[in-house]
Amino acid sequence: MTWQPIAHGAHIDWTQTDPLDGADPYLVWADGSGFACYGGLDAPGKIATLIELQAGKTVADLLIHAGGGLQLADIPGAYRSAGLQPRFITAWPQAEFFKRLKTTLASVVARAEISLPVVPQRAKFKPLAAPACGPAVRRGIQRKTLIGIIDDGCAFAHYHLRDSAGNTRVCRLWDQEDQGAFVHQGNVPADFGRGHEVTGAQLQSLINSLTQYAAVDEDACYASASYDRLKKAATHGAHVTDVFAGAVPVGSRVGSASMPPTWAAASDVASSDDAGLVFVQLPRACLQDPSGAWLDLHVLDALRYILSCADEHTEQVVINLSFGPQRGPNDGTGLLEKAFDELGAEFPHLTLTLAAGNSFSERGHAVFGLKAQTSETLHWQVMPGDETPTFVQLWLPEGATQVEVKVTAPGIAPSPWIKPGEAQVWPDAARPSCGIIYPPRTSRGSIGSMALLALAPSASFSPDTALVPHGLWKIEIRNTAATALAKPVHAWIDRDDFNLGTLVRGRQSYFVDPLYDPLRYLKAATDDTPGSPALVRRRGTLTGIATGSAARVAAGYRHSDQKHVDYSSAGPGRAPAAGLAANPDCAAVTDQSRSLSGLLAAGTRGSSVVRLIGTSTAAPQLARWVADGQPPPGPLPGPHADPQLEGAGLLPL
């Protein structure tokens with residue numbers, strides 16, 4: 001049981017001089033481990049992928065040079081409509097496409113990365129099948145304001161989402177999963193070839209058929225639609241939708257020491273008849289993976305779907321996304337972030353709002369410099385009973401060509417020093433449990449490179465599953481060059497707990513650093529100590545898609561004292577490009593007080609309200625503010641001004 005070079009699968013052209021240069025490390029790991037962490041790869045082996053085309057290249061160029069690894073039907077029609085030449089597209093290519101990335105496709109494809117959900121042990125839902133996509137579709141909802149929500153669980157029959165005539169304001173709803181909701185009522189969207197979509201008229205017809213004596217049978221509505229995400233009393237999407245566009249705004253539900261909540265109805269744009277809601281339901285197989293490895297393809301498709309609902313009546317489009325991964329590059333050069341930039345240029349009336357993240361105190365981020373001929377060691381606590389894979393990304397600055405990585409598992413001999421361009425696994429190349437994939441350059445970002453540490457689960461009910469030992473792992477990083485690194489090294493641990501309403505399979509690992517909070521026995525620290533030598537940091541924890549320039553990012557603050565809440569992620573980014581502060585745009589209320597965390601908003605039934613904690617509620621508040629014509633971000637200066645925590649200030653209720 002020793003460290004060995006990774007197995008040579010079918011998706012990497014190992015005949016090249018430097019086969020890993022520019023590669024996606026997650027694809028290399030998947031290829032060398034038989035796609036084990038993704039539930040295997042069923043025939044015909046098509047993989048959800050986000051692609052960046054070279055400037056001036058088209059989908060036609062892509063198909064010509066793909067060598068049969070990509071067909072027209074593998075690319076959604078939303079990316080190949082007449083007159084549209086997007087550089088960022090989604091597709092479902094086969095192995096031959098990836099093998100040609102460094103040969104015939106090198107002049108056509110700038111970057112490509114897989115977008116597959118990690119499949120946990122005892123998974124409830126199977127990975128998605130590749131679709132057969134048709135031509136582009138223009139939908140149109142005939143509303144001045146198009147409100148888009150990409151989330152989980154839309155309570156379309158809820159009375160907070162009705163217009164003045166008593167009809168639902170949800171104009172379109174697309175479930176991206178083939179075996180999801182609306183199989184009997186909806187149609188497969190031709191341009192995306194998967195899932196089912198319904199119109200507002202179809203939703204209202206369903207509601208009317210289950211209404212008696214002016215009372216809607218919401219249970220029957222959701223059961224008839226086979227919308228099993230709404231079996232529960234609360235869903236992430238129902239809460240976020242109500243905060244964004246519900247009949248009662250958040251400010252009406254929050255009281256103070258001297259004033260109770262007013263519960264007054266809203267009179268803003270987001271709750272008006274002029275605003276139409278388009279909701280995209282994310283696939284259940286993806287939601288059971290909290291890492292967000294799948295976000296790129298499904299979110300970009302969701303954005304294109306929502307934008308296809310705009311028409312000549314549309315004056316503004318405001319879209320909210322309250323999901324995000326805890327991974328790099330955190331410098332605005334990630335593929336999805338660059339796709340946001342492209343959409344912003346293509347649709348000047350579009351505003352996209354994102355949550356800052358909830359990893360401020362999760363000990364999932366480390367940062368350190370490396371002088372010449374020196375090393376640093378990260379201690380990484382891998383949890384027992386973890387039925388999901390675990391990943392760490394080490395992001396290196398430009399010019400760090402002589403930095404090497406070594407890993408030591410509890411009770412196991414250390415790995416060799418892994419150099420750029422190498423990929424090694426343990427204990428057996430045929431059935432690896434751990435891998436280090438270290439390309440000289442990576443498709444996951446444009447500044448520097450990234451070394452990926454991939455671990456199999458630490459527990460399983462199947463004897464055939466490769467496992468790793470839990471306990472304290474060591475990650476050593478050394479600089480063998482004669483000069484110091486110009487910028488620091490950053491490390492991020494992928495999120496590995498669970499999403500609301502999903503099965504608990506993962507257990508979040510974390511970095512251990514005795515200098516992180518040395519006085520916690522007296523009083524726990526609430527922020528990084530200036531000048532501290534600690535490697536583990538609270539700041540620099542924005543989600544991996546929230547450091548670009550095209551989206552508005554909302555952090556969280558506490559209403560009672562207007563202070564930063566201890567979970568709300570903060571800037572700065574890793575190496576922000578010119579003009580990018582890589583901080584939140586503003587902060588919105590996410591906790592009422594120290595003793596009353598979270599905010600109340602709609603449950604899935606009647607007048608029920610539930611309390612959700614996290615910056616997921618901050619982003620839709622910012623979206624509602626923008627939809628009402630307020631200049632984004634439009635905050636008020638906070639009493640504890642700190643741009644890395646609250647951006648330009650506090651968003652009022």
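Which residues make a nonpolar surface patch of about 390 Å²? In this predicted model, the patch is made by Leu 519, Tyr 521 and Leu 522. Leu 519 sits in the loop between β22 (510–512) and β23 (551–558). Its relative accessibility is 48%, so Leu 519 counts as partly exposed. The cut-off for exposed is over 50%, and buried means under 20%.

Three strands form an open sheet in the order β3-β2-β4. The pairing in this sheet is antiparallel. The edges are taken by β3 (88–91) and β4 (109–114). Each of these has a single partner strand, so one side of each has no neighbour in the sheet. On average, neighbouring strands of this sheet are turned by 20 degrees against each other, direction ignored. Five bridges link β2 (residues 49–53) with β4 in the antiparallel sense. Within this pairing, Thr 49 has Ile 114 of β4 as its bridge partner. Helix α8 (residues 295–307) lies across β2, β3 and β4. It runs at about 110 degrees to β3.

Helix α6 (residues 236–245) is mostly covered, and 10 of its 10 residues are buried. The buried residues include His 236, His 239, Asp 242 and Phe 244. What covers the buried residues of α6? The cover includes the strands β5 (145–151), β10 (275–281), β11 (316–321), β25 (599–602) and β26 (609–612). Helix α10 (618–627) is also included in the cover.

Strand β19 (residues 449–455) is likewise mostly covered. Seven of its seven residues are buried. In a regular strand the side chains alternate between the two faces of the sheet. In β19, Ser 449, Ala 451, Leu 453 and Leu 455 point one way. Met 450, Leu 452 and Ala 454 point the other way. The residues of both sets are buried. Two pairings of β19 can be described. Strand β15 (residues 390–396) pairs with β19 over seven bridges, in the antiparallel sense. Strand β18 (residues 434–438) is joined to β19 by four bridges, and these strands also run antiparallel. Which residue of β19 is the bridge partner of Phe 391? That partner is Ala 454. Ala 454 is also the bridge partner of Gly 435.

Charged side chains come next. The structure holds 32 salt bridges. One of them joins Asp 152 and Arg 229, with the closest N and O atoms 2.8 Å apart. This pair links distant parts of the chain, 77 residues apart. Asp 152 is in the loop between β5 and β6 (170–175), while Arg 229 is in the loop between α5 (218–224) and α6. Are these two residues buried or exposed? Asp 152 has a relative accessibility of 3%, so it counts as buried. Arg 229 is buried too, because its relative accessible area is 12%.

Asp 242 belongs to helix α6, and Arg 253 lies in the loop between α6 and β10. The two are 11 residues apart. Both Arg 253 and Asp 242 are buried.

Asp 642 and Arg 539 form a further salt bridge, at 2.7 Å from N to O. The pair spans 103 residues. Asp 642 is in the loop between α10 and α11 (643–646), and Arg 539 is in the loop between β22 and β23. Asp 642 counts as buried because its relative accessible area is 19%. Arg 539 is buried as well, with a relative accessible area of 16%. Elsewhere, salt bridges that share partners join Arg 139, Arg 172, Asp 191 and Glu 197 into one network.

Gln 326 is placed in the loop between β11 and α9 (335–346). With 16% relative accessibility, Gln 326 counts as buried. What does Gln 326 contact, leaving aside its neighbours within four places in sequence? Its contacts are Ser 359, Trp 492, Ile 493, Asp 494 and Arg 495.

Definitions and conventions
Residues numbered from 1 in each chain as written. Predicted model: local features only at pLDDT ≥ 70, side-chain atom pairs only at ≥ 80, totals over all residues. Heavy atoms only, no water. Patch = residues over 30% accessible without salt bridge, like charges linked within 9 Å, V, L, I, M, F, W, Y side chains within 5 Å. Areas by Shrake-Rupley, 256 points an atom, 1.4 Å probe, with all protein chains shown as cover. Salt bridge = Lys/Arg side-chain N within 4 Å of Asp/Glu carboxyl O. Buried < 20%, exposed > 50% of the residue type's maximum accessible area, 1.4 Å probe, protein only. Pairing = 2+ DSSP bridges. Axes fitted to C-alpha atoms, helices over the stretch in contact; angles between N-to-C directions. Contact = heavy atoms within 4.5 Å.
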